[in-house]
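Biologist: Hi! Could you walk me through this model while I have it open?
Modeller: Happy to, just send your questions as they come up.

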Amino acid sequence: MATANPTDIPPELPLVPGVEIRPLPTWPAYAVGEDGSVWSRYIRGTRSQLGQEWNKLKPVRRKQYLYIHLRAPGRRRVAGVHQVVREATRRRVTISGIQF
């Protein structure tokens, strides 16, 4: 009987007072807060090791939008923060006073 690798069991979502955080459906190692925060389970400094801790990502600004880099085995995506928040919540969102 094989034992489960501890990184195979997803940890609890990060707790931020007053912010609802949801998993990103198509990217299981990521979670998104309704305030625009994006969280990853990847261990900092590694390219593919998943850990049990959630790390808050720092988006990069391109022109007027904030972007993050998502990755999973065999695929990568640069996505707008507003896009992943909407994907996770499936509703229109307002970040920094701008509605998406």
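Modeller: One cut-off before we start: a residue is called buried if its relative accessible area is under 20%. Also keep in mind that this is a predicted model.

Biologist: Thanks! Then is Tyr42 buried or exposed?
Modeller: Tyr42 is buried, because its relative accessibility is 7% and the limit is 20%.

Biologist: And Tyr30, buried or exposed?
Modeller: Buried as well, since Tyr30 has a relative accessibility of 1%.

Biologist: How many aromatic pairs are there in the structure?
Modeller: There is one aromatic pair. Its members are Tyr30 and Tyr42, in a tilted arrangement with 6.0 Å between the centres and 55° between the planes.

Biologist: What lies over the face of Tyr42?
Modeller: That is Arg71, at 4.2 Å from the ring centre.

Biologist: And which ring has the charged end of Arg75 over it?
Modeller: The ring of Trp27, with the charged end 3.9 Å from its centre.

Biologist: Let's switch to packing. How many residues does the largest nonpolar core have?
Modeller: It has 15 residues, and Leu24, Trp27, Tyr30, Val32, Ile68, Leu70 and Val84 have the most contacts inside it. Two or more residues each come from E2, E3, strand E6 (65-72) and helix H1 (81-89). H1 gives the largest share, four residues.

Biologist: Which residues sit in the second core?
Modeller: That separate core has five residues, including Val19, Ile21, Trp39 and Trp54.

Biologist: Back to Leu24 for a moment. What does Leu24 touch?
Modeller: Not counting residues up to four places away in sequence, Leu24 touches Tyr30, Ala31, Val32, Leu70, Val84, Glu87 and Ala88.

Biologist: Where does Val32 lie?
Modeller: Val32 lies in strand E2. With a relative accessible area of 1%, Val32 is buried. Leaving aside neighbours within four places in sequence, its contacts are Glu20, Ile21, Arg22, Leu24, Ser37, Val84, Val85 and Ala88. Val32 and Arg22 are 10 residues apart along the chain, and 5.4 Å separates their C-alpha atoms.

Biologist: Nice. What is the strand order in the sheet of four strands?
Modeller: The order is E1-E2-E3-E4, in an open sheet with antiparallel pairing. Strand E1 (21-23) and strand E4 (50-56) are at the edges with a single partner strand each, so one side of each has no neighbour in the sheet. Neighbouring strands here are turned by 25° against each other on average, direction ignored.

Biologist: Over how many bridges do E1 and E2 pair?
Modeller: Over three bridges, in the antiparallel sense. Ile21, for example, has Gly33 in E2 as its bridge partner.

Biologist: What about the sheet of three strands, what order does it have?
Modeller: That open sheet runs E5-E6-E7, again with antiparallel pairing. Its edge strands, strand E5 (60-62) and strand E7 (75-80), each pair on one side only. The twist averages 35° from one strand to the next.

Biologist: How many bridges join E5 and E6?
Modeller: Three, in the antiparallel sense, and Tyr65 in E6 is the bridge partner of Arg62. E6 and E7 pair over six bridges, also antiparallel, with Ile68 opposite Ala79 in E7.

Biologist: What's in the turn of the E6 and E7 hairpin?
Modeller: Two residues lie between the strands, and Gly74 in the turn has a positive phi of about 85°.

Biologist: Last topic, the helix. Why is H1 described as largely enclosed?
Modeller: Because seven of its nine residues are buried. The buried ones are Val81, His82, Val84, Val85, Glu87, Ala88 and Thr89.

Biologist: Which strands does H1 lie across?
Modeller: In the sheet of four strands, H1 lies across E1, E2 and E3, at about 95° to E2. H1 also lies across E6 and E7, running at about 100° to E7.

Biologist: And what follows H1?
Modeller: Arg90 comes next, and its phi is positive, near 55°.

Notes
Residues are numbered from 1 along each chain as its sequence is written. This is a predicted model: local features need pLDDT of at least 70, side-chain atom pairs count only at pLDDT 80 or more; totals for chains, interfaces and linings use all residues. Side-chain values use heavy atoms; hydrogens and water are left out. Rings of Phe, Tyr and Trp (its six-membered ring) pair if their centres lie within 6.5 Å; planes under 30 degrees apart count as stacked, over 60 as edge-to-face and the rest as tilted. Buried means under 20% relative accessible area, exposed over 50%, partly exposed in between (1.4 Å probe, protein chains only). A charge sits over a ring if NZ of Lys or CZ of Arg is within 6 Å of the ring centre and within 35 degrees of the ring normal. A nonpolar core is a set of buried Ala, Val, Leu, Ile, Met, Phe, Trp, Tyr and Cys residues joined through side-chain atoms within 4.5 Å. Contact means heavy atoms within 4.5 Å. Two strands pair if DSSP finds at least two bridges between them. Axes are lines fitted to C-alpha atoms, for helices over the stretch in contact, and angles run from 0 to 180 degrees between N-to-C directions.
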